[in-house]
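Welcome! Have a look at the structure before you start.

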Amino acid sequence: MSDDLSRLTSSAYSQALEVIAAVEPRIAEATRAELADQRGSLKLIASENYASLAVLLTMGTWFSDKYAEGTVGHRFYAGCQNVDTVESLAAEHARELFGAEYAYVQPHSGIDANLVAFWSILAHRVESPALEKLGAKNVNDLSGADWESLRAELGNQRLLGMSLDAGGHLTHGFRPNISGKMFHQQQYGTDPVTGLLDYDVVAAKAREFKPLILVAGYSAYPRRVNFATMREIADEVGATLLVDMAHFSGLVAGKVFTGDEDPVPHAHVVTSTTHKSLRGPRGGIVLATEEYAPSVDRGCPMVLGGPLSHVMAAKAVAFAEARQPAFQTYAQQVADNAQSLAEGFKRRGATLVTDGTDNHLVLLDVSGYGLTGRQAESALLDAGIVTNRNSVPGDTNGAWYTSGVRLGTPALTTRGFGHDEFETVAELIVTVLQNTEAGTTKAGGPSKASYVLGEGVADKVKDASAEMLEKHPLYPGLDLA
Ligand SMILES: *Cc1c(COP(=O)(O)O)cnc(C)c1O
C-alpha cells in the first residue's frame with residue numbers, strides 16, 4: 001500500500017469507528033480490541049485467514065440493505081440492477097478462477113453451500129426421471145400426488161462421506177447434523193496404520209452401499225485427494241460426486257492442486273467457503289457442471305432467502321484478487337510453509353497424523369506429551385498461539401477433549417511468514433507442550449481439561465513470537481488513531 005493510501009485507509013477506519021462509537025461505544029471498543037488481538041497472536045487456525053482491506057471495506061456498504069431474492073435478471077424485488085452487476089461479476093470471476101461451467105455465489109456460508117448442493121442434487125436426480133415418466137416439463141407441473149411419491153424417494157436417499165474423526169466435516173453425514181438426518185448415511189475413514197485415504201476401501205463401501213451422493217473433501221485431513229479416482233468410484237456406482245473444497249479452495253485457485261487434485265474438472269458439483277484459504281469474505285459458493293446448473297440455480301428459494309449482496313460484492317473483489325499471479329505465489333507458499341512446519345515438528349520428535357502433510361494443514365497428535373487436545377489448545381493460547389483441538393483417527397478422548405491439535409498456514413502466510421518463521425513456530429509449540437503437564441480434578445483424579453504450564457514459558461514464547469509478528473505486521477499501514 002502506498003503511504004497516501006495507508007493514510008486514507010487509517011483515517012477511514014478511525015472515523016468509521018467514531019461513527020459506531022457514537023451509537024454503541026462498546027462495539028467500537030471490541031472491534032479495536034479484535035484487531036489488536038489478531039495482530040498480537042500467532043494465528044494457526046487452519047480455517048482462518050486475513051482478508052484484504054479491499055474485501056473488508058466492500059462488506060461495509062448499503063448493499064447490505066437491499067433485498068434481491070431470485071437470480072440475476074429474475075428478482076422477486078424491484079430495483080436490483082446494481083445487485084445484478086455485483087452477482088454477475090462475482091459469478092464470472094468464480095467461473096474464470098476455477099474453470100467452472102457454472103458458479104452460484106449466493107450461499108451465506110459453507111454449510112449453506114452444502115445444503116444448496118444436496119437439495120440441488122436430489123432435485124436433479126429425482127425430478128428428472130420423474131418428470132420424464134410423467135411427461136411433465138417443469139417441476140411446477142407436478143401434482144400433489146407426484147410430490148408425495150417424490151418425497152418418499154427423496155427421503156430414502158443415501159450419502160457416503162468421510163467420517164468426522166478421519167477429517168471429514170459435520171455436513172458430510174454426521175448424525176447430529178441435518179445431513180445425517182436427511183440422508184441414510186455411511187462413512188469412509190482412513191487407513192488405521194498410515195492414516196491415509198484408501199481408495200479401494202472407499203470403492204468397496206460405495207459398491208456395497210450404492211450412495212446417490214459420494215462426498216469428497218475434508219476439514220482436518222492433512223493430505224491431497226485424487227478426485228479423478230473419486231469420480232471413477234462415483235461413476236461405477238451411479239453416484240453424483242460432490243466435492244466440498246471449503247478448506248483447500250485457495251490451493252485450487254492458486255494452482256497448487258492441479259490435474260487429478262483439482263476437483264473442478266472431476267466433480268459434478270463443488271462447494272466451498274470463501275473465507276478460509278481462499279481469503280475472501282465469510283461466505284459460500286457452489287460450482288457445477290451445465291447438467292446440474294439449473295437445479296443449483298434454484299438455491300433461492302429452495303434453501304436460501306435473500307442473498308447477502310454486500311458479501312457477494314466482497315466475493316467478487318476477493319476472486320479478482322485470487323486471479324492475480326500474486327495469489328499463486330501465496331498459495332504455493334502456504335503449502336511450502338506447511339512442509340516447513342511439519343518438518344520442524346518431526347525433527348523435534350512430534351507425532352503427526354499421516355506422518356506429514358502435503359496441503360495447508362498439520363494434525364499434531366499430542367497424546368505423546370501426556371495431554372489431551374483441549375489441554376494443549378489452552379496452554380498454547382496462554383502463550384499467544386491460537387489453534388484448535390481436533391480429533392485424531394480412532395481418538396479415545398472423544399470429540400470434546402480430543403487428542404490432537406490442528407494447525408494451518410494460510411493466515412500467517414498472508415502476514416508474510418516463510419520457512420524460517422514456521423521453523424520457529426514448530427519450536428515454540430513443542431516448547432509449550434513439553435512444558436505443560438496434565439492437571440488433576442477437584443477430587444484429585446486425572447483431568448482432561450486442567451493443565452499446568454511451566455513458569456515463565458508463556459512469556460518466553462510470547463517474546464519470541466512478538467519479534468516475528470512485528471517483522472510481519474498485519475495490515476501494515478493501518479494505524480488506528
Ligand atoms: C468450514 C467447512 C464448512 C462450513 O463452513 P461454514 O462457513 O462454517 O458454514 C463446510 N465444509 C467443510 C469441509 C468445511 O471445512
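A salt bridge is a side-chain nitrogen of Lys or Arg within 4 Å of a carboxyl oxygen of Asp or Glu. This is a predicted model, in which local features need pLDDT of at least 70, side-chain atom pairs count only at pLDDT 80 or more, and totals for chains, interfaces and linings use all residues. Residues are numbered from 1 along each chain as its sequence is written, and side-chain values use heavy atoms, with hydrogens and water left out.

**Exercise 1.** Find the partner of Asp 84 in a salt bridge, and say whether the two are buried or exposed.

Step 1: Asp 84 pairs with Arg 75, with 2.8 Å between the closest N and O atoms.
Step 2: Both Asp 84 and Arg 75 are buried (under 20% relative accessible area; exposed is over 50%, partly exposed in between, with a 1.4 Å probe and protein chains only).

**Exercise 2.** Work out which parts of the chain are tied together by Glu 423 and Arg 348.

Step 1: The side chains of Glu 423 and Arg 348 form a salt bridge at 2.9 Å, N to O.
Step 2: Glu 423 belongs to helix α18 (residues 419–434) and Arg 348 to the loop between α14 (325–347) and β11 (351–352), so the pair joins parts 75 residues apart in sequence. Helices (H or I, at least four residues) and strands (E, at least two) are DSSP runs, numbered from the N terminus.
Step 3: Glu 423 is buried at 16% relative accessible area, while Arg 348 is partly exposed at 25%.
Step 4: Arg 347, Arg 348, Glu 423 and Glu 427 are linked in a salt-bridge network.
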